[in-house]
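Let's walk through this one together, starting with the overall build and then zooming in on a few places. Keep the viewer open as you read.

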Amino acid sequence: MLNRYDFNSSKEERDSLRSQKRKEYERLRKRCHQILKRTEKSVKLKGTAGNVCNDDNECFSQVFDSPGLEDMVSGRRSHSTEGGSPVFDDSDHRICDHSHPTSLSSDSFLEGEVDKRVVISQDACAGETESSDSGSSEEDENTPLLSSEIIEENDIHKDDNGSSSPSQIEGRSATPTDEDFATWRRIILLDAVRANDDWIIYSPSQASVSTMKAQRLAESVGLKDYDDLEPCRIFHAARLVSILEAYALYDPEIGYCQGMSDLLSPIISVVEDDSEAFWCFAGFMKRARHNFRLDEVGIRRQLNIVSKIIKCKDNHLYRHLEKLQAEDCFFVYRMVIVLFRRELNFEQTLCLWEVMWADQAAIRAGIARSAWGRMRLRAPPTDDLLLYAIAACVLQRRKLIIEKYSSMDEIMRECNSMAGHLDVWKLLDDAHDLVVNLHDKI
């Protein structure tokens, strides 16, 4: 359902593709190691010259593991949200600043933040250097970035103004610098060790991993500061690092942004092979990557659709939102970014995502609305089922919002307090009802 294989492919074709993709993933991981090697050498040289520090290992730790993220990155706007998110709730690790068009005070949100996009600081410690190994450098340059697949897929989701491909929109080189990678890696390491553990009971083989195996994998990806995490969480964090680093090179226009670890974590909990998990994640990100674009075209489009659904379904609620200057539905920003991952537990998340993927697979397979009606007698498949579910979530609380809340901050706090209190099946039923009644109007 993640478009990993063609529906009509044979077993031989799938095996061949699997072997090809495994080699591509291994090349990406090799590039990660090459960049880290060059960065370590750069830091060591600086330390010897007295510009950074006197100890190679200490410098390397400072480059990738220090908590002062605000010293390494700058950005355009920050969205703070409430919730126990290892990605979003540590105010000491702000990655970027994305200002919202409405006037929101810096302390208008209780906890956490939705940090969208890492923008490279020119003061980053890890500079780009030439490799002493000419063979490694040559291979690094000749390895395809593979992002053309993503750009081609993303053309389907152009905005109404005819936006260009991601590489044109982002205004960034398709080839990431060592400095880019160092910054991405630094945030990946922090996010990986803070990933939640609600997956453990659903993946007994990974939950029972030995301490030695977990520490060996952590060492292989340079994961050090995992404190007193149990072996299964160390192992999970190391897998996150390995795959997210590779993805940052695979799609350098996006690189790594906070929130992506939330999307990957359920996948690696189910798919135990790293190569398979990587390509599943890459397929997932073909749809989700527009959530992390600097120009916010994807986010604005989705929030606009949620707003339209609410307006068509409940004009009274919409007028109340207008009075509060919240009709842009910014209060559901976090739901859009991580596809309800913060609001639903592990099992509920997979249920919602799989229904979404089934709809998208039905569209790719060319299942017509009439055929779908005979099969399910329900809503036709839609690419925007997530947005209908988000609108349904808001509509379920219409009375509370209208009668009690007098600011967007209060609505946002309500939305962020939904974690653990949502019925995913009721949510999907209400979302499908909205699709049936409003799909042609949106």
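Among contacts in the protein between residues at least 6 apart in sequence, what percentage join residues at least 24 apart? The figure is 77%, where a contact means heavy atoms within 4.5 Å. Before going on, a word on what you're looking at: this is a predicted model, in which local features need pLDDT of at least 70 and side-chain atom pairs count only at pLDDT 80 or more, while totals for chains, interfaces and linings use all residues. Residues are numbered from 1 along each chain as its sequence is written, and side-chain values use heavy atoms, with hydrogens and water left out.

The protein has 20 helices and 2 strands; these are DSSP runs numbered from the N terminus, with helices being H or I over at least four residues and strands being E over at least two. Of its 442 residues, 57% count as buried. Here buried means under 20% relative accessible area, exposed means over 50%, and partly exposed is in between, using a 1.4 Å probe and protein chains only.

Now for the inside. Nonpolar side chains tend to be buried together in soluble globular proteins. In this model the largest nonpolar core has 113 residues, a core being a set of buried Ala, Val, Leu, Ile, Met, Phe, Trp, Tyr and Cys residues joined through side-chain atoms within 4.5 Å. The members that touch the most other members are L223, M260, L263, I310, F331, V332 and F340. Helix α9 (residues 231-250) gives the most to this core, with 14 residues. Both domain 1 (178-289) and domain 2 (297-439) give residues to the core, so it lies between them; the domain bounds come from an automatic or database domain assignment. Take F340 as an example: leaving out residues up to four places away in sequence, F340 touches M335, T349, L352, L386, A389, I390, C393, L422 and L427.

Back on helix α9, have a look at E245. E245 is buried, with a relative accessible area of 0%. Setting aside neighbours within four places in sequence, E245 is in contact with R29, C32, F181, R185, I188 and V221.

Next up is a helix pair. Two packed helices are described by the angle between their axes and the distance between the axes. Helix α10 (residues 260-270) packs against helix α15 (residues 346-364) at about 95°, with the axes 11 Å apart. That makes α10 roughly perpendicular to α15. On the α10 side the contact uses D262, L263, P266, S269 and V270, and on the α15 side F346, L350 and W353. By class, that's 6 nonpolar, 1 polar and 1 charged residues.

Helix α10 also holds I268, which is buried at 0% relative accessible area. Not counting residues up to four places away in sequence, I268 touches Q206, H236, R239, L240, I243 and A277. S203 is 65 residues from I268 in sequence, yet their C-alpha atoms are 9.6 Å apart. C280, in helix α11 (residues 274-288), is 12 residues from I268 in sequence and 9.2 Å from it, C-alpha to C-alpha. At 13% relative accessibility, C280 counts as buried.

How enclosed is helix α19 (residues 408-416)? Of its 9 residues, 7 are buried, so α19 is largely enclosed by the rest of the structure. The buried ones are M408, D409, I411, M412, E414, C415 and N416. Their cover includes α13 (315-323), α14 (333-338) and α18 (398-404).

Finally, check the loop between α13 and α14, where you'll find Q325 and C329. Most residues other than glycine have a negative phi. Q325 has a positive phi of about 55° although it is not a glycine, and C329 likewise has a positive phi, near 60°. Are these two buried or exposed? Q325 counts as exposed at 52% relative accessibility, whereas C329 is buried, with a relative accessible area of 1%.

Conventions
Axes are lines fitted to C-alpha atoms, for helices over the stretch in contact, and angles run from 0 to 180 degrees between N-to-C directions. Angles under 35 degrees count as roughly parallel, over 145 as roughly antiparallel, 65 to 115 as roughly perpendicular and the rest as oblique. Ala, Val, Leu, Ile, Met, Phe, Trp, Tyr, Cys and Pro count as nonpolar, Asp, Glu, Lys and Arg as charged, and the others, Gly among them, as polar.
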